[in-house]
Protein chains: 2
Amino acid sequence: MKIEFSPIGFVRMDIERVPRHWTISDAEGTIVIDEQFREGLRDIQAGQRIVVLFYFHQSPCFTKDFLVQVPPQRAEHLGVFSICSPIRPNPLGMSVVEVLGVEGSIIRIKGLDMMDGTPVLDMKPYRERE
Amino acid sequence: MKIEFSPIGFVRMDIERVPRHWTISDAEGTIVIDEQFREGLRDIQAGQRIVVLFYFHQSPCFTKDFLVQVPPQRAEHLGVFSICSPIRPNPLGMSVVEVLGVEGSIIRIKGLDMMDGTPVLDMKPYRERE
């Protein structure tokens, strides 16, 4: 079973050293959304937090050698589904970022941990359990 | 640009009425992971919360008519990226569930809002900002 997606836009940021993880990032950048989806952005507002789902486009192919990995800054072997490594069976990334503003089809965001050029697949409102 | 994924497993649950959203769900079920990825589950433990990324496999094709939708239980039009509708440009779902236990390649979970048979694409540890 093959599932096919296409980017809805791309991350743009010009920071040389991308933060390791969104939970510790204050980096700013933009998501440039394809014009065809612009109307879908109309209720995204400054100050909100959103979930961004993206494609780790520079990850090497996943093999069984990556089922257990030693993440940077942790001296232990951990199963791939317990870490946020970009090398995963399906190289999907998820970050929660803060919206600084929306201008047309460009969203300015804070708290990035994606590389410049990262393909964005989806954006959702951030929710917690009620 | 086309991005291709394959399921790492499938959701199994036999509740007739699937809860509307994980934030209000106590439904229980399982994720049955493909045997080839079993070793990647070794550090998932009962009591943890995990992020599950999945494919809305029964969604109709997305067209521009779905850029703005009226979600159930909310009498307002909202842009698709501000709601959790299964009808999205890339039909990706994200739920945060509680792990009840792991037996072999089967994860028992609580807090589901996915239909039986939903293809699972990825699982990650749940994290909040530090």
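How many bridges join strand β1 (residues 3–5) of chain A to β1(B)? Three: there are 3 bridges, and the two strands run antiparallel. Pick A:Glu4, and you'll find its bridge partner in β1(B) is B:Glu4.

A word on the ground rules: this is a predicted model, where local features need pLDDT of at least 70, side-chain atom pairs count only at pLDDT 80 or more, and totals for chains, interfaces and linings use all residues. Residues are numbered from 1 along each chain as its sequence is written, while chains are lettered from A and ligands numbered from 1 in the order in which they are written.

Next, select the whole interface. On chain B, 44 residues are in contact with 44 residues of chain A (C-beta atoms, placed from the backbone, within 7 Å). Elements giving two or more residues to chain B's side include β4 (49–55), β7 (92–103) and β9 (119–125). The largest share, 6 residues, comes from β9(B).

So stay on β9(B), where 5 of the 7 residues are buried, that is, with 20 or more other C-beta atoms within 10 Å of their own, C-beta atoms being placed from the backbone. Now show its neighbours. β4(B) pairs with β9(B) in the antiparallel sense over 5 bridges; look for B:Leu53 opposite B:Asp122. Strand β2 (residues 9–12) of chain B also pairs antiparallel with β9(B), over 2 bridges, and B:Gly9 stands opposite B:Val120.

How values were computed. Contact = placed C-beta atoms within 7 Å. Helix = DSSP H or I, 4+ residues; strand = E, 2+ residues; numbered from the N terminus. Pairing = 2+ DSSP bridges. Buried ≥ 20, exposed ≤ 12 C-beta atoms within 10 Å, placed from the backbone.
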